[in-house]
Amino acid sequence: MTRLPLILPCAALAALAFATGANAADAPFPARPVKLIVAQAAGGGPDVLARLIAQELGEAWKQPVIVENKLGAAGAIAAEYAARAPADGYTLFVASAGIMTIAPAMDAKLPYTPAEFSPLIHLASLSNVFVVNSQSPVKTMPALVDKAKQAPTGLSFASMGPGSTGQISGEMLVRSAGVKIVQVAYKGEAQAVTDIRGGHLDFMAAGLPVALPQVKAGALTPLAVTGSKRTAALPDVPTMNELGYTGYDVSQWYALYAPVATPRPVQEALTRAVQAVLAKPAVQKQVMELGMDLTNDAQKDFAAFDRAERAKWAAFMKAGGDMAAR
């Protein structure tokens, strides 16, 4: 007896496809590994924070959470990749203030725009700290400024490229102290710190997570912090404002973003999950030891902060011209 192939009517096929899709959509999130994209090299502030969060989320979700470092173009490569990823919650961006609010104010031709992202949660904030090699005779910020003024072409300064808070810290020093500096761009803070330690460059404004271990080890001398207030991690180090540079305030921060078309329920689930991680005392202790202050502001408050930061840096760029050409 010959068996004929089973042929379902078109309506039945459509119903089957709809049911399959509905079941997939209703599956608990996440149902597979999640990627956290980081624009900085391993060992930098956002990388360390991302890996801490990834470990906790992986344990809570029983799914791998993978940190993927995509370097280059001062963060634009990572940002473009994250913006173009499928908007399903499985590819997220752990971004810095420089990438999301400063660089777009500097360059209208970036391959991404902040509008392509939904801000999920403000993770942490921190100050940069001006540091020199501990073998340098310079031990204070005024001494560094004096040395820079005496140098015919200025001092060499390591930064993470245009739009980074390290570069902005140097630019604000140029504007407020009237000194010359020669900026040397790096892909990662860890390598820049290594070159400062080796005496290859004069100074930099490093993020606390990278600088703090070197300061504690006696390899770097901290001169001043770039935020509006002193940091608990280095309580004896003055702010630039305290040293007479009025209005000097460059604070770094890190946050989690998703592609803008990510479904709202998925965005909310992600935000709640990360909030729960940041609420853990053990996580708070580790973050504080890195020199960061936990923020944990969720979507509504963070979105308002994000808009205010972009407006602030747009005004700063307008007042000072094109810094990328320096």
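Start with α4, which gives the most to the lining of the largest pocket, three residues. This is a predicted model, in which local features need pLDDT of at least 70 and side-chain atom pairs count only at pLDDT 80 or more, while totals for chains, interfaces and linings use all residues. Residues are numbered from 1 along each chain as its sequence is written, and side-chain values use heavy atoms, with hydrogens and water left out.

A pocket here is an open set of points on a 1 Å grid over the protein atoms alone, where a 1.4 Å probe fits, with protein on both sides within 12 Å along at least five of seven lines; lining residues have an atom within 4 Å of a point. The largest pocket has a volume of about 360 Å³, volume being the space filled by probe spheres set on the points, which are joined across faces, edges and corners. Its lining takes in 29 residues, and Gln40, Met160, Ser164, Tyr186 and Lys187 lie nearest the centre.

Now for the second largest pocket, which holds about 300 Å³ of space. It is lined by 18 residues, with Ser125, Leu126, Ser127, Gly227 and Ser251 the closest to its centre. Two or more lining residues come from each of β4 (117-133), β9 and α11 (299-320), and β4 gives the most, with four. Helices (H or I, at least four residues) and strands (E, at least two) are DSSP runs, numbered from the N terminus.
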